[in-house]
Amino acid sequence: MLTNFAALEVGQHLYWQIGNIRLHGQVFLTSWILLGALLVFISLGTKKMENDPKGLQNLLEFLWDYIRDLARTQIGEKVYRDWMPFIGTLFLFVFVSNWGGALIPWRLIKLPSGELGAPTADINTTIALALLVSLSYFYAGLSNKGWRYFEYYVHPTPIMLPFKILEDFTKPLSLSFRLFGNILADELVVGVLVFLVPLILPIPVMFLGLFTSAIQALIFATLAAYYIGEAVEEHH
Amino acid sequence: MLAFNLFGATEGGLFDINATLPLMAIQVVALTYILNSLFFKPVGKVVEKREKFVSNNIIEAKNKLSEVKKLEADLLTQLQSARTEAQRIVSEAEAESEKLYKEALELANNEANASKEKARLEIESQTSVARDQLSKQADDLSELIVNRLILEK
(Lines give C-alpha, C1' and ligand atoms only; values in the text may rest on other atoms or scores of the structure.)
Protein backbone atom coordinates (compact mmCIF):
# COMPACT_ATOMS: atom_id res chain seq x y z
CA MET A 1 0.00 0.00 0.00
CA LEU A 2 2.70 2.43 0.92
CA THR A 3 4.58 1.76 -2.27
CA ASN A 4 1.36 2.36 -4.19
CA PHE A 5 0.83 5.60 -2.30
CA ALA A 6 4.26 6.65 -3.39
CA ALA A 7 2.98 6.39 -6.94
CA LEU A 8 1.18 9.66 -6.24
CA GLU A 9 4.62 11.23 -6.27
CA VAL A 10 4.20 13.38 -3.17
CA GLY A 11 7.07 15.81 -2.86
CA GLN A 12 8.45 15.03 -6.30
CA HIS A 13 9.30 18.04 -8.41
CA LEU A 14 10.23 18.77 -11.97
CA TYR A 15 13.45 20.64 -11.41
CA TRP A 16 14.61 23.39 -13.71
CA GLN A 17 18.20 24.40 -13.31
CA ILE A 18 19.07 27.94 -14.33
CA GLY A 19 22.68 28.62 -13.43
CA ASN A 20 22.83 28.03 -9.71
CA ILE A 21 19.12 28.47 -9.23
CA ARG A 22 16.73 25.55 -9.00
CA LEU A 23 13.05 25.96 -9.71
CA HIS A 24 9.98 23.78 -9.42
CA GLY A 25 9.08 23.67 -13.08
CA GLN A 26 5.65 22.11 -12.69
CA VAL A 27 4.50 25.04 -10.53
CA PHE A 28 5.46 27.55 -13.19
CA LEU A 29 4.04 25.47 -16.02
CA THR A 30 0.61 25.16 -14.44
CA SER A 31 0.60 28.75 -13.21
CA TRP A 32 1.46 30.03 -16.70
CA ILE A 33 -1.25 27.95 -18.31
CA LEU A 34 -3.86 29.02 -15.73
CA LEU A 35 -2.84 32.68 -15.64
CA GLY A 36 -2.73 32.70 -19.44
CA ALA A 37 -6.28 31.38 -19.49
CA LEU A 38 -7.30 33.98 -16.90
CA LEU A 39 -5.73 36.82 -18.89
CA VAL A 40 -7.35 35.62 -22.12
CA PHE A 41 -10.68 35.42 -20.34
CA ILE A 42 -10.28 38.92 -18.93
CA SER A 43 -9.08 40.40 -22.22
CA LEU A 44 -12.07 38.90 -24.00
CA GLY A 45 -14.40 40.26 -21.35
CA THR A 46 -12.96 43.79 -21.35
CA LYS A 47 -12.37 44.03 -25.09
CA LYS A 48 -15.55 45.90 -25.82
CA MET A 49 -16.77 47.58 -22.67
CA GLU A 50 -20.27 48.92 -22.88
CA ASN A 51 -22.41 50.90 -20.53
CA ASP A 52 -24.99 48.20 -20.96
CA PRO A 53 -23.01 45.08 -19.96
CA LYS A 54 -23.47 41.86 -21.86
CA GLY A 55 -22.10 38.35 -21.48
CA LEU A 56 -18.53 38.18 -20.23
CA GLN A 57 -18.45 41.83 -19.25
CA ASN A 58 -21.35 41.15 -16.92
CA LEU A 59 -19.45 38.33 -15.24
CA LEU A 60 -16.30 40.43 -14.92
CA GLU A 61 -18.26 43.32 -13.46
CA PHE A 62 -19.82 40.96 -10.95
CA LEU A 63 -16.34 39.73 -10.05
CA TRP A 64 -15.08 43.29 -9.77
CA ASP A 65 -17.98 44.22 -7.54
CA TYR A 66 -17.40 41.16 -5.38
CA ILE A 67 -13.73 42.04 -4.93
CA ARG A 68 -14.55 45.67 -4.24
CA ASP A 69 -17.03 44.68 -1.54
CA LEU A 70 -14.46 42.35 -0.01
CA ALA A 71 -11.76 45.04 -0.01
CA ARG A 72 -14.11 47.77 1.17
CA THR A 73 -15.53 45.84 4.11
CA GLN A 74 -12.11 44.70 5.32
CA ILE A 75 -9.89 47.70 4.55
CA GLY A 76 -12.36 50.51 4.93
CA GLU A 77 -13.70 53.26 2.72
CA LYS A 78 -10.60 55.44 2.87
CA VAL A 79 -7.82 53.38 1.31
CA TYR A 80 -9.50 50.31 -0.14
CA ARG A 81 -9.02 51.66 -3.67
CA ASP A 82 -5.24 51.45 -3.38
CA TRP A 83 -5.35 47.83 -2.30
CA MET A 84 -8.21 46.49 -4.33
CA PRO A 85 -6.01 45.35 -7.27
CA PHE A 86 -3.69 43.49 -4.92
CA ILE A 87 -6.51 41.81 -2.99
CA GLY A 88 -8.28 41.01 -6.24
CA THR A 89 -5.13 39.56 -7.76
CA LEU A 90 -4.57 37.39 -4.70
CA PHE A 91 -8.15 36.18 -4.87
CA LEU A 92 -8.04 35.50 -8.60
CA PHE A 93 -4.62 33.89 -8.48
CA VAL A 94 -5.50 31.56 -5.61
CA PHE A 95 -8.94 30.82 -6.99
CA VAL A 96 -7.73 30.10 -10.52
CA SER A 97 -4.85 28.01 -9.18
CA ASN A 98 -7.05 25.98 -6.86
CA TRP A 99 -9.83 25.37 -9.34
CA GLY A 100 -7.45 24.82 -12.20
CA GLY A 101 -5.63 22.25 -10.10
CA ALA A 102 -8.88 20.51 -9.21
CA LEU A 103 -10.72 20.70 -12.52
CA ILE A 104 -8.09 20.04 -15.14
CA PRO A 105 -6.93 16.41 -15.41
CA TRP A 106 -3.25 17.27 -15.21
CA ARG A 107 -2.35 13.66 -14.48
CA LEU A 108 -2.87 12.81 -18.12
CA ILE A 109 0.23 14.84 -18.93
CA LYS A 110 3.29 12.82 -17.98
CA LEU A 111 6.35 14.67 -16.76
CA PRO A 112 9.82 13.16 -16.39
CA SER A 113 9.60 13.87 -12.67
CA GLY A 114 6.82 15.11 -10.40
CA GLU A 115 3.37 15.90 -11.72
CA LEU A 116 1.36 18.94 -12.70
CA GLY A 117 -1.17 20.21 -10.17
CA ALA A 118 -2.48 23.30 -8.44
CA PRO A 119 0.33 25.86 -8.10
CA THR A 120 -1.01 26.57 -4.61
CA ALA A 121 -0.24 22.98 -3.56
CA ASP A 122 3.45 23.98 -3.57
CA ILE A 123 4.76 25.56 -0.37
CA ASN A 124 6.86 28.06 -2.35
CA THR A 125 3.81 29.61 -3.94
CA THR A 126 1.87 29.95 -0.72
CA ILE A 127 4.84 31.36 1.19
CA ALA A 128 5.44 33.82 -1.64
CA LEU A 129 1.83 34.98 -1.42
CA ALA A 130 1.90 35.16 2.37
CA LEU A 131 5.13 37.17 2.40
CA LEU A 132 3.67 39.56 -0.16
CA VAL A 133 0.72 40.04 2.19
CA SER A 134 3.10 40.72 5.10
CA LEU A 135 5.06 43.24 3.05
CA SER A 136 1.88 44.93 1.92
CA TYR A 137 0.40 45.38 5.33
CA PHE A 138 3.65 46.81 6.64
CA TYR A 139 3.82 49.09 3.63
CA ALA A 140 0.15 50.04 4.00
CA GLY A 141 0.58 50.85 7.68
CA LEU A 142 3.82 52.80 7.25
CA SER A 143 2.71 54.73 4.18
CA ASN A 144 -0.61 55.65 5.74
CA LYS A 145 0.41 56.48 9.28
CA GLY A 146 4.20 56.80 9.16
CA TRP A 147 5.93 55.86 12.38
CA ARG A 148 2.65 56.05 14.18
CA TYR A 149 1.99 52.65 12.65
CA PHE A 150 3.96 51.12 15.52
CA GLU A 151 1.43 52.45 18.00
CA TYR A 152 -0.57 49.47 16.82
CA TYR A 153 1.86 47.18 18.66
CA VAL A 154 1.08 48.74 22.02
CA HIS A 155 -2.42 49.70 21.20
CA PRO A 156 -4.73 48.68 24.00
CA THR A 157 -1.82 48.21 26.45
CA PRO A 158 1.94 47.74 26.08
CA ILE A 159 1.46 44.20 27.39
CA MET A 160 0.30 43.34 23.88
CA LEU A 161 3.72 44.10 22.40
CA PRO A 162 5.16 40.54 22.41
CA PHE A 163 1.93 39.09 21.09
CA LYS A 164 1.70 41.64 18.32
CA ILE A 165 5.28 40.95 17.32
CA LEU A 166 4.55 37.24 17.38
CA GLU A 167 1.55 37.92 15.17
CA ASP A 168 3.80 39.30 12.45
CA PHE A 169 5.32 35.83 12.21
CA THR A 170 2.18 33.79 12.71
CA LYS A 171 0.23 35.71 10.10
CA PRO A 172 2.32 34.66 7.07
CA LEU A 173 2.87 31.22 8.58
CA SER A 174 -0.82 30.53 9.04
CA LEU A 175 -1.73 32.08 5.70
CA SER A 176 0.76 29.99 3.77
CA PHE A 177 0.25 26.71 5.59
CA ARG A 178 -3.52 26.94 5.59
CA LEU A 179 -3.64 27.31 1.83
CA PHE A 180 -0.86 24.83 1.18
CA GLY A 181 -2.30 22.22 3.53
CA ASN A 182 -5.85 22.48 2.27
CA ILE A 183 -5.01 22.27 -1.39
CA LEU A 184 -2.37 19.58 -1.00
CA ALA A 185 -4.66 17.54 1.24
CA ASP A 186 -7.46 17.84 -1.25
CA GLU A 187 -5.20 16.72 -4.08
CA LEU A 188 -3.93 13.81 -2.01
CA VAL A 189 -7.39 12.68 -0.93
CA VAL A 190 -8.69 12.81 -4.48
CA GLY A 191 -5.52 11.09 -5.71
CA VAL A 192 -5.74 8.29 -3.17
CA LEU A 193 -9.45 7.77 -3.76
CA VAL A 194 -9.04 7.75 -7.53
CA PHE A 195 -6.24 5.27 -7.05
CA LEU A 196 -8.26 3.00 -4.74
CA VAL A 197 -11.78 3.29 -6.21
CA PRO A 198 -11.57 4.85 -9.66
CA LEU A 199 -15.35 5.03 -10.09
CA ILE A 200 -18.03 7.29 -8.55
CA LEU A 201 -16.63 7.46 -5.02
CA PRO A 202 -14.10 10.24 -5.73
CA ILE A 203 -16.78 12.49 -7.27
CA PRO A 204 -18.29 13.84 -4.00
CA VAL A 205 -14.78 14.38 -2.69
CA MET A 206 -13.94 16.23 -5.88
CA PHE A 207 -16.95 18.49 -5.35
CA LEU A 208 -15.87 19.01 -1.77
CA GLY A 209 -12.45 19.87 -3.17
CA LEU A 210 -13.95 22.52 -5.45
CA PHE A 211 -15.79 23.94 -2.49
CA THR A 212 -12.64 23.99 -0.35
CA SER A 213 -10.71 25.58 -3.20
CA ALA A 214 -13.17 28.44 -3.54
CA ILE A 215 -13.38 28.92 0.21
CA GLN A 216 -9.60 28.96 0.57
CA ALA A 217 -9.31 31.65 -2.11
CA LEU A 218 -11.91 33.72 -0.32
CA ILE A 219 -10.25 33.17 3.06
CA PHE A 220 -6.84 34.11 1.75
CA ALA A 221 -8.06 37.30 0.11
CA THR A 222 -10.24 38.24 3.08
CA LEU A 223 -7.44 37.72 5.59
CA ALA A 224 -4.99 39.66 3.44
CA ALA A 225 -7.48 42.51 3.24
CA TYR A 226 -8.16 42.27 6.96
CA TYR A 227 -4.45 42.50 7.81
CA ILE A 228 -4.07 45.55 5.58
CA GLY A 229 -7.20 47.05 7.10
CA GLU A 230 -5.84 46.43 10.58
CA ALA A 231 -2.59 48.18 9.65
CA VAL A 232 -4.24 51.30 8.23
CA GLU A 233 -6.96 51.55 10.87
CA GLU A 234 -6.82 54.69 12.99
CA HIS A 235 -6.90 54.08 16.72
CA HIS A 236 -8.57 56.72 18.82
CA MET B 1 22.28 31.04 -2.86
CA LEU B 2 18.55 31.38 -2.89
CA ALA B 3 18.16 27.65 -2.74
CA PHE B 4 17.82 26.44 0.81
CA ASN B 5 15.91 23.64 2.40
CA LEU B 6 13.97 23.74 5.64
CA PHE B 7 14.15 20.06 6.38
CA GLY B 8 17.67 19.28 5.33
CA ALA B 9 16.70 17.07 2.44
CA THR B 10 18.97 17.49 -0.52
CA GLU B 11 16.38 16.80 -3.17
CA GLY B 12 12.59 17.01 -3.28
CA GLY B 13 10.14 16.86 -0.41
CA LEU B 14 6.96 18.72 0.38
CA PHE B 15 8.80 21.57 2.07
CA ASP B 16 11.46 22.04 -0.57
CA ILE B 17 11.84 25.80 -0.61
CA ASN B 18 13.96 27.26 -3.36
CA ALA B 19 14.07 30.07 -5.91
CA THR B 20 10.51 29.20 -6.92
CA LEU B 21 9.42 31.35 -3.97
CA PRO B 22 10.89 34.73 -4.97
CA LEU B 23 10.14 34.15 -8.64
CA MET B 24 6.55 33.30 -7.81
CA ALA B 25 6.36 36.46 -5.70
CA ILE B 26 7.66 38.50 -8.62
CA GLN B 27 5.19 36.79 -10.90
CA VAL B 28 2.31 37.64 -8.58
CA VAL B 29 3.43 41.27 -8.31
CA ALA B 30 3.66 41.45 -12.10
CA LEU B 31 0.23 39.85 -12.33
CA THR B 32 -1.09 42.52 -9.96
CA TYR B 33 0.09 45.26 -12.32
CA ILE B 34 -1.19 43.43 -15.40
CA LEU B 35 -4.59 42.77 -13.85
CA ASN B 36 -4.76 46.34 -12.59
CA SER B 37 -4.36 47.77 -16.07
CA LEU B 38 -6.29 45.01 -17.83
CA PHE B 39 -9.12 44.36 -15.41
CA PHE B 40 -9.49 46.51 -12.30
CA LYS B 41 -9.02 49.92 -13.90
CA PRO B 42 -11.16 49.51 -17.03
CA VAL B 43 -13.95 47.59 -15.32
CA GLY B 44 -13.87 49.99 -12.39
CA LYS B 45 -14.13 52.93 -14.76
CA VAL B 46 -17.17 51.47 -16.49
CA VAL B 47 -18.87 50.37 -13.26
CA GLU B 48 -18.24 53.65 -11.49
CA LYS B 49 -19.34 55.63 -14.53
CA ARG B 50 -22.56 53.68 -14.52
CA GLU B 51 -23.00 54.06 -10.77
CA LYS B 52 -22.50 57.81 -11.16
CA PHE B 53 -24.94 57.85 -14.05
CA VAL B 54 -27.51 55.95 -12.01
CA SER B 55 -27.09 58.10 -8.90
CA ASN B 56 -27.23 61.26 -11.01
CA ASN B 57 -30.41 60.02 -12.61
CA ILE B 58 -31.85 59.24 -9.22
CA ILE B 59 -31.00 62.72 -7.95
CA GLU B 60 -32.44 64.26 -11.11
CA ALA B 61 -35.55 62.18 -10.80
CA LYS B 62 -35.91 63.21 -7.15
CA ASN B 63 -35.53 66.86 -8.11
CA LYS B 64 -38.10 66.44 -10.83
CA LEU B 65 -40.41 64.66 -8.45
CA SER B 66 -40.16 67.47 -5.90
CA GLU B 67 -40.73 69.99 -8.70
CA VAL B 68 -43.76 68.05 -9.81
CA LYS B 69 -45.04 67.97 -6.26
CA LYS B 70 -44.54 71.72 -5.97
CA LEU B 71 -46.35 72.29 -9.25
CA GLU B 72 -49.09 69.97 -8.13
CA ALA B 73 -49.51 71.92 -4.91
CA ASP B 74 -49.51 75.17 -6.92
CA LEU B 75 -52.14 73.80 -9.23
CA LEU B 76 -54.15 72.59 -6.31
CA THR B 77 -54.17 76.05 -4.72
CA GLN B 78 -54.99 77.57 -8.11
CA LEU B 79 -57.77 75.09 -8.53
CA GLN B 80 -59.02 75.90 -5.07
CA SER B 81 -59.06 79.64 -5.73
CA ALA B 82 -60.68 79.08 -9.12
CA ARG B 83 -63.33 77.01 -7.46
CA THR B 84 -64.11 79.66 -4.84
CA GLU B 85 -64.06 82.27 -7.58
CA ALA B 86 -66.50 80.21 -9.62
CA GLN B 87 -68.68 79.77 -6.61
CA ARG B 88 -68.63 83.49 -5.99
CA ILE B 89 -69.55 84.20 -9.61
CA VAL B 90 -72.32 81.66 -9.56
CA SER B 91 -73.82 83.03 -6.37
CA GLU B 92 -73.49 86.58 -7.72
CA ALA B 93 -75.21 85.58 -10.92
CA GLU B 94 -77.89 83.85 -8.91
CA ALA B 95 -78.47 86.97 -6.85
CA GLU B 96 -78.52 89.07 -10.00
CA SER B 97 -81.05 86.83 -11.68
CA GLU B 98 -83.10 86.74 -8.53
CA LYS B 99 -83.09 90.53 -8.50
CA LEU B 100 -84.01 90.75 -12.16
CA TYR B 101 -86.74 88.19 -11.64
CA LYS B 102 -88.13 90.14 -8.73
CA GLU B 103 -87.97 93.37 -10.71
CA ALA B 104 -89.66 91.82 -13.66
CA LEU B 105 -92.26 90.26 -11.42
CA GLU B 106 -92.94 93.56 -9.73
CA LEU B 107 -93.17 95.33 -13.05
CA ALA B 108 -95.57 92.75 -14.36
CA ASN B 109 -97.61 92.89 -11.19
CA ASN B 110 -97.78 96.66 -11.37
CA GLU B 111 -98.79 96.55 -14.98
CA ALA B 112 -101.41 93.95 -14.28
CA ASN B 113 -102.69 95.95 -11.31
CA ALA B 114 -102.78 99.10 -13.43
CA SER B 115 -104.72 97.49 -16.22
CA LYS B 116 -107.02 95.85 -13.68
CA GLU B 117 -107.59 99.23 -12.10
CA LYS B 118 -108.18 100.79 -15.48
CA ALA B 119 -110.65 98.08 -16.36
CA ARG B 120 -112.39 98.48 -13.04
CA LEU B 121 -112.62 102.23 -13.52
CA GLU B 122 -113.99 101.73 -17.01
CA ILE B 123 -116.47 99.20 -15.75
CA GLU B 124 -117.43 101.58 -13.02
CA SER B 125 -117.87 104.51 -15.36
CA GLN B 126 -119.83 102.45 -17.82
CA THR B 127 -121.93 101.10 -14.98
CA SER B 128 -122.67 104.61 -13.83
CA VAL B 129 -123.39 105.70 -17.38
CA ALA B 130 -125.66 102.73 -17.77
CA ARG B 131 -127.28 103.42 -14.44
CA ASP B 132 -127.76 107.08 -15.38
CA GLN B 133 -129.36 106.08 -18.64
CA LEU B 134 -131.45 103.55 -16.89
CA SER B 135 -132.65 106.04 -14.31
CA LYS B 136 -133.26 108.59 -17.05
CA GLN B 137 -135.28 106.09 -18.98
CA ALA B 138 -137.08 105.15 -15.80
CA ASP B 139 -137.75 108.82 -15.24
CA ASP B 140 -139.01 109.19 -18.80
CA LEU B 141 -141.08 106.13 -18.46
CA SER B 142 -142.57 107.25 -15.17
CA GLU B 143 -143.24 110.67 -16.67
CA LEU B 144 -144.91 109.01 -19.54
CA ILE B 145 -146.98 106.87 -17.26
CA VAL B 146 -147.85 109.88 -15.17
CA ASN B 147 -148.76 111.92 -18.24
CA ARG B 148 -150.90 109.12 -19.60
CA LEU B 149 -152.73 108.72 -16.37
CA ILE B 150 -153.28 112.41 -16.09
CA LEU B 151 -154.47 112.63 -19.67
CA GLU B 152 -156.97 109.83 -19.26
CA LYS B 153 -158.61 111.47 -16.31
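Helices (H or I, at least four residues) and strands (E, at least two) are DSSP runs, numbered from the N terminus. The model is predicted, so that local features need pLDDT of at least 70 and side-chain atom pairs count only at pLDDT 80 or more, while totals for chains, interfaces and linings use all residues. Residues are numbered from 1 along each chain as its sequence is written, chains are lettered from A and ligands numbered from 1 in the order in which they are written, and side-chain values use heavy atoms, with hydrogens and water left out.

**Figure 1. Chain A and its secondary structure elements****.** Chain A holds seven helices and two strands. Along the sequence the elements run α-β-β-α-α-α-α-α-α. The C-alpha trace of chain A spans about 60 × 50 × 40 Å along its principal axes.

**Figure 2. The largest pocket****.** A pocket is an open set of points on a 1 Å grid over the protein atoms alone, where a 1.4 Å probe fits and protein lies on both sides within 12 Å along at least five of seven lines; lining residues have an atom within 4 Å of a point. Grid points are joined across faces, edges and corners, and a volume is the space filled by probe spheres set on the points. The volume of the largest pocket is about 500 Å³. It is lined by 22 residues, of which Gly101(A), Ala102(A), Arg107(A), Val190(A) and Met206(A) are the closest to the centre. In chain A, α4 (80-103), α6 (161-196) and α7 (202-232) each give two or more residues to this lining. The most come from α6(A), with six residues. By class, the lining has 13 nonpolar, five polar and four charged residues. In this count Ala, Val, Leu, Ile, Met, Phe, Trp, Tyr, Cys and Pro are nonpolar, Asp, Glu, Lys and Arg are charged, and the others, Gly among them, are polar.

**Figure 3. The second largest pocket****.** This pocket contains about 430 Å³ of space. Leu38(A), Leu63(A), Leu92(A), Phe95(A) and Val96(A) are the closest to its centre among the 19 residues that line it. Elements of chain A that give two or more residues to the lining are α2 (25-46), α3 (55-75), α4 and α7. The largest share, seven residues, belongs to α4(A). The lining divides into 18 nonpolar residues, one polar and no charged.

**Figure 4. The contact between chain A and chain B****.** Contact (heavy atoms within 4.5 Å) takes in 50 residues from chain A and 34 residues from chain B. The two chains bury about 3,900 Å² between them, with 72% of it on carbon and sulfur atoms; buried area is the accessible area (1.4 Å probe) that two parts lose on being put together, summed over both. Three salt bridges link chain A and chain B, a salt bridge being a side-chain nitrogen of Lys or Arg within 4 Å of a carboxyl oxygen of Asp or Glu. Arg81(A) forms a salt bridge with Glu48(B), with the closest N and O atoms 2.8 Å apart. On the side of chain A that touches chain B, β2 (21-24), α2, α3, α4, α5 (123-145) and α6 each give two or more residues. The largest share of that side, ten residues, comes from α2(A). Its residues divide into 31 nonpolar, 13 polar and six charged.

Figure 5. Over all chains, the whole structure has 16 salt bridges.
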